[in-house]
Amino acid sequence: MPRGVASQPRAWQRMLSGRRLDLLDPSPLDIEISDIAHGLARVARWNGQTVGDHAFSVAQHSLLVEGIVSALQPETHDAIRLAALLHDAPEYVIGDMISPFKAAVGGDYKAVEHRLQTAIHLRFGLSPLLPAPIKTLLKRADQIAAYFEATQLAGFSEKEAAEFFGRPRGLSVDHFDLTPLPALAVQQAFLQRFSEISTPTQSAPAIS
């Protein structure tokens with residue numbers, strides 16, 4: 001390196017697939033579903049403060065959200081189910097920050113998260129910017145999942161969870177299995193569900 005030229009800080013991560021993903025300028029070509037599944041299955045929701053012998057991972061949360069979307073709209077397009085499954089996919093790189101800390105960190109975190117999500121969507125044939133009705137549906141499913149997890153796993157009372165996430169309407173936690181599973185089992189379930197709902201040319205249609 002020439003004298004006087006400062007070295008640039010490393011902003012990429014080597015993935016187990018062999019890809020080298022630039023965290024600040026991610027390319028869709030460097031994103032592999034195997035890396036996403038592996039990473040998300042080993043990132044704990046609720047900072048690991050959940051009951052059970054295993055952490056409740058972001059991969060298991062993603063499967064739950066996709067299941068809730070399918071329950072809310074049984075006839076929905078597979079592209080929307082895929083968007084639900086991948087709604088927290090950037091966390092395979094940047095981890096899962098609890099909401100209060102995300103608010104404290106502010107714009108830089110959200111900007112990195114947005115660039116990663118855009119690259120992930122492009123990699124798997126989804127629209128970079130989902131239509132507002134789809135975003136609303138995914139947000140609703142995410143909040144329902146958070147309520148179920150909070151009350152069943154994270155020690156929240158129903159009243160407290162309702163204050164933060166709203167009380168689910170029309171869905172019961174009895175329809176979903178929230179038993180925290182080993183990382184490898186969740187990783188395999190995530191990949192299986194991805195294979196069931198993905199196609200080489202996905203596109204997310206608007207919801208009328």
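## Second largest pocket

In this predicted model, helix 2 gives the most to the lining of the second largest pocket, with 4 residues. Helix 2 and helix 9 (183–197) each supply at least two of the lining residues.

The space in the second largest pocket comes to about 210 Å³.

## R45 and its surroundings

R45 lies in the loop between helix 1 and helix 2 (58–72). Its relative accessibility is 11%, so R45 counts as buried, the cut-off being under 20%. The R45 side chain makes a polar contact with the side chain of E149, at 2.8 Å.

Beyond its neighbours within four places in sequence, R45 is in contact with T50, F56, S57, V58, H61, D88, D96, A146 and E149.

## I36 in helix 1

I36 belongs to helix 1, which spans residues 33–40. With a relative accessible area of 0%, I36 is buried.

Residues up to four places away in sequence aside, I36 touches I31, A89, Y92, I120, F124 and F190. One of these, Y92, is 56 residues from I36 in sequence, yet the two C-alpha atoms are 5.5 Å apart in space.

Terms used:
Residues numbered from 1 in each chain as written. Predicted model: local features only at pLDDT ≥ 70, side-chain atom pairs only at ≥ 80, totals over all residues. Heavy atoms only, no water. Buried < 20%, exposed > 50% of the residue type's maximum accessible area, 1.4 Å probe, protein only. Contact = heavy atoms within 4.5 Å. Polar contact = N/O pair within 3.5 Å; in protein donor to acceptor, adjacent residues only side chain to side chain. 1 Å grid on protein atoms, 1.4 Å probe; cavity = no way out; pocket = protein on both sides within 12 Å on 5 of 7 lines; lining within 4 Å. Points joined across faces, edges and corners; volume = space filled by probe spheres on them.
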